[in-house]
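Here are my notes on the model you sent, as numbered points. They cover the pockets and the barrel.

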Amino acid sequence: SAFFIHESGIAVTNYHSLADTAAASVTLTTGEVYPVEGVLWADKAADLAVIRVSRLSRDGRTSTPSFAALTLVGTEETRAGDTVYALGNPMGLGQSVSAGIISAVGCVTSLSTTPCLVSTAPISTGSSGGALLNEYGHVVAVTSGALLSGNAMYLSVPVDALMGRDFTALKAVSL
């Protein structure tokens with residue numbers, strides 16, 4: 001999973017979703033498939049990556065002038081009990097939305113060097129890299145995994161490290 005943060009095709013996902021990958025593509029909710037041109041920024045330890053998606057579809061038939069982008073707000077005002085929504089592609093079954101609440105903020109795990117958010121919004125394999133939205137539809141974190149030793153303990157990496165950065169001028173590096 002991934003989500004756009006700029007209409008030019010800049011998207012965010014997890015580093016582990018791209019690790020050891022030679023090529024990748026993005027399938028939109030319309031079914032159109034676009035190749036990933038490369039990585040603009042990545043932080044393996046934080047488990048975050050910013051990618052550039054081509055505006056020309058993989059089949060060469062569709063050119064997209066802009067992609068629908070989400071707004072990053074980060075976690076500064078995120079608190080336990082806040083309502084959140086997880087967007088993803090669980091088990092490759094297609095787009096899904098699940099709801100929950102923030103259970104904890106600042107959870108230190110081996111998943112990321114950045115303290116994570118714990119929520120009850122269910123995610124499954126394939127949802128990694130999806131957006132965790134607050135009740136206003138703004139991105140607070142990137143869905144990343146789960147604590148297996150508990151129930152409804154889904155982890156997301158805050159997007160704070162991405163905020164305020166201009167990725168538009170960066171050149172993409174091959175996957």
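1. Strand 3 supplies three residues to the lining of the largest pocket, the largest share. The model is a predicted one, and the points below should be read with that in mind.

2. The largest pocket holds about 890 Å³ of space. Its lining numbers 28 residues, and those closest to the centre are Ala2, Phe3, Val26, Thr27 and Leu28. Two or more lining residues come from each of strand 1 (3-6), strand 2 (10-13), helix 1 (15-18), strand 3 (25-27) and strand 6 (83-88).

3. What is the make-up of the lining of the largest pocket in nonpolar, polar and charged residues? The lining splits into 14 nonpolar and 14 polar residues, with no charged ones.

4. The second largest pocket has a volume of about 210 Å³. Thirteen residues, written 13 in the count, line this pocket, and Glu77, Thr78, Asp82, Asn134 and Val140 lie nearest its centre. Its lining contains four charged residues, alongside five polar and four nonpolar. For the largest pocket, by contrast, the charged count is none.

5. Six strands form a closed barrel in the order 6-7-8-11-10-9, and the pairing is antiparallel. On average, neighbouring strands of this sheet are turned by 45 degrees against each other, direction ignored.

6. Strand 9 covers residues 131-134 and strand 10 covers residues 139-146; three bridges join them in the antiparallel sense. Leu133 has Val139 of strand 10 opposite it.

Key: Residues numbered from 1 in each chain as written. Predicted model: local features only at pLDDT ≥ 70, side-chain atom pairs only at ≥ 80, totals over all residues. Heavy atoms only, no water. Pairing = 2+ DSSP bridges. Helix = DSSP H or I, 4+ residues; strand = E, 2+ residues; numbered from the N terminus. Axes fitted to C-alpha atoms, helices over the stretch in contact; angles between N-to-C directions. 1 Å grid on protein atoms, 1.4 Å probe; cavity = no way out; pocket = protein on both sides within 12 Å on 5 of 7 lines; lining within 4 Å. Points joined across faces, edges and corners; volume = space filled by probe spheres on them. Nonpolar A, V, L, I, M, F, W, Y, C, P; charged D, E, K, R; others polar.
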